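Please read the points below alongside the sequence and the model. They go from the whole chain to the sheet and then to the helix packing.

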Amino acid sequence: MSMNDEIEKRYYTIGEVAAILDVNTSLVRFWEKEFDILKPKRNKKGNRLFTLKDLNNIKLIYHLVKERGFTLEGAQTKLRENREDTAKNAEVVDKLKMIRQALMEIKREL
C-alpha cells in the first residue's frame, strides 16, 4: 500500500455517520435501539464508535426505511430473513444514483 492510497477509517462517530446519511444523530441513536444488528463500540467517555460493518448496516436500514418505505418492523423482518438480497439491492441503488449523478453532470456540461 502506497502513501497515496486512501486509508479507510476504523471507527466513525455518530456525527460522521449522520452526516454520511444526511440524517439527525437522534435518528441514528433511535435505530441503534430498534435494530439489534447495530452494536457500536463505546470509548471511555461513552461516545459511540461505529465500525464499517455498523455503517453498512445503517445504510441498509436507511435504504429500507427511508428509500423503500418499510416500517421499522418490516425492515427488521427483511434484514433477518433476506439480508444478502437486501444488501445487493441497496448496492445496486447506490451505483445507479452515482451513474445518474455522472450523467447529470455530463448533461450540464453540454
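How many helices and how many strands does the secondary structure of the chain come to? The count is five helices and three strands, where helices (H or I, at least four residues) and strands (E, at least two) are DSSP runs numbered from the N terminus.

1. Basis. This is a predicted model, in which local features need pLDDT of at least 70 and side-chain atom pairs count only at pLDDT 80 or more, while totals for chains, interfaces and linings use all residues. Residues are numbered from 1 along each chain as its sequence is written, and side-chain values use heavy atoms, with hydrogens and water left out.

2. Whole chain. Read from the N terminus, the order of elements is β-α-α-β-β-α-α-α. The C-alpha atoms fill a box of roughly 50 × 40 × 25 Å along the principal axes. The chain has 110 residues, and 27% of them count as buried; buried means under 20% relative accessible area, exposed over 50%, and partly exposed in between (1.4 Å probe, protein chains only). Of the contacts (heavy atoms within 4.5 Å) between residues at least 6 apart in sequence, 52% join residues at least 24 apart.

3. Sheet. The three strands make an open sheet with antiparallel pairing, in the order β1-β3-β2. Strands count as paired if DSSP finds at least two bridges between them. β1 (12-13) and β2 (41-42) are the edge strands, each pairing on one side only. Two bridges join β2 to β3 (residues 48-50) in the antiparallel sense, and Arg-42 has Arg-48 in β3 as its bridge partner.

4. Helix α3 on the sheet. Helix α3 (residues 52-67) packs on the sheet, where it touches β1 and β3, and its direction makes about 85° with that of β3. Axes here are lines fitted to C-alpha atoms, for helices over the stretch in contact, and angles run from 0 to 180 degrees between N-to-C directions. At 1.5 Å a residue, the 16 residues of α3 should span 22 Å, and its end C-alpha atoms are 21 Å apart, which agrees; the expected span is 1.5 Å times one less than the number of residues. After α3 comes Gly-69, with a positive phi near 80°.

5. Burial of α3. Which residues of α3 are buried? They are Asp-54, Leu-55, Asn-57, Ile-58, Leu-60, Ile-61, His-63, Leu-64 and Val-65. Their cover includes β1, α1 (14-21), α2 (25-34), β3, α4 (72-81) and α5 (83-109).

6. α3 against α5. The axes of α3 and α5 come within 10 Å and cross at roughly 80°. The two helices are therefore roughly perpendicular (65 to 115 degrees; under 35 is roughly parallel, over 145 roughly antiparallel, the rest oblique). Asn-57, Leu-60, His-63, Leu-64 and Glu-67 of α3 meet Arg-83, Thr-86, Ala-87, Asn-89, Ala-90, Val-93 and Lys-97 of α5. By class, this contact has five nonpolar, four polar and three charged residues; Ala, Val, Leu, Ile, Met, Phe, Trp, Tyr, Cys and Pro count as nonpolar, Asp, Glu, Lys and Arg as charged, and the others, Gly among them, as polar.

7. Glu-91. This residue lies in helix α5. Its relative accessibility is 45%, so Glu-91 counts as partly exposed. Glu-91 and Leu-60 are 31 residues apart in sequence and 9.0 Å apart in space, C-alpha to C-alpha.

8. α1 against α2. These helices pack at an angle of about 105°, with axes 8 Å apart, which makes α1 roughly perpendicular to α2. Ile-14, Gly-15, Val-17 and Ala-18 of α1 meet Thr-25, Val-28 and Arg-29 of α2. The contact divides into four nonpolar residues, two polar and one charged.
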